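Okay, everyone, thanks for coming.

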Amino acid sequence: MRFPDDVPVLTDGVVRLRAPRVDDVAATVEMNSDVETRRWNAVQVPYRVEDARQALTERIPAGWRNGGLWTWVIETDGRYAGAVVLSGGESGVGSIGFTTHPAARGRGVATRGARLAVAYAFDVRGWNRVTWGAFVGNWGSRRVAWRVGFRHLVTAYGGGIGRGERLDEWIASIGRGDERGPAHPWWEVPVVETDRFRLRASGRARPRAGDGRRRAGDRAGVPAGRPGRTRAATAGARRRPGEPGFHQSCLEQRLYVDRRPARGGPAPGRQLRGPADVRPAQRGALSLLPSGLRTCQVPFRPSPRTSPGFLSLAKR
């Protein structure tokens, strides 16, 4: 293969995947020197102009000529927006990776670029399956994978290596016959309101216009840091976010409970303290669980003197 002449140009009308060029050096250095890029990718630190030039003139062309590593630049509006790479392909299975330039984040360019690369893997290279992986916590990458249609998510504890350290890794895949779009809804935590309680996702309450005080949950919720846990918290609470069987709204976005003041009742700011408080909150929290999931947690403080923890709730 002649590089860059034989590198296919892929486009969906918004983004364009093209062969990397020497004049991409400055943008490549900017992207790989970015704090978020370094956090989630094992790029060299510091990443120098010489490193970018070597990649663009030696490693990437060799990958196209010899096979096994196919790298494109993602371009939008004629500007460098990131990179996407396919690797492997042995026995019809390969992997994908993508990085977005900081100036192009939040515009969907990685999703569009990944879709084009996945289509190329299936329709041109004849692959049967493409895998994706990211260190646990890289929600930007995970959301791109979800949009493209990657599914069967698992967490490989200690499965990744970053700067000589073993890290937990998310892994998912998409098959040739799978729909190339989200396999399930991206869970957005709804707000459940009753005359006594309001259930919301943690950290999202904001004062109402003209309201001079904070919302109850901003004072009553679990404080920043790692709160103490009551004995009511079950073993399930110790599972790590992303583990199959536990929903994002239950552990990865902990639900806080806002206690609404009642006429003649206690002042706002109280957390759940007894059965009369737990029952309505239990009904509200469990109503958030989709089918197939049976556990959830709400903040619980048995008494003002104890540290806040989490009360595990389960469907019968």
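The protein exposes about 16600 Å², and carbon and sulfur atoms supply 49% of that; areas here come from the Shrake-Rupley method with a 1.4 Å probe, with only the protein chains shown counting as cover for residues. Keep in mind that this is a predicted model, where local features need pLDDT of at least 70, side-chain atom pairs count only at pLDDT 80 or more, and totals for chains, interfaces and linings use all residues. Residues are numbered from 1 along each chain as its sequence is written, and side-chain values use heavy atoms, leaving out hydrogens and water.

Of the 316 residues, 45% are buried, meaning under 20% relative accessible area, with exposed being over 50% and partly exposed in between (1.4 Å probe, protein chains only).

Now the aromatics. Rings of Phe, Tyr and Trp (its six-membered ring) pair if their centres lie within 6.5 Å; planes under 30 degrees apart are stacked, over 60 edge-to-face, and the rest tilted. That rule gives 6 aromatic pairs. In one of them, the centres of Trp 64 and Trp 72 sit 5.1 Å apart with planes at 85°, so we call it edge-to-face. Both Trp 64 and Trp 72 are buried.

Trp 139 and Trp 170 are edge-to-face too, at 4.9 Å centre to centre and 65° between planes. So is Trp 170 buried or exposed? Trp 170 is buried, at 1% relative accessibility, while Trp 139 is partly exposed at 29%.
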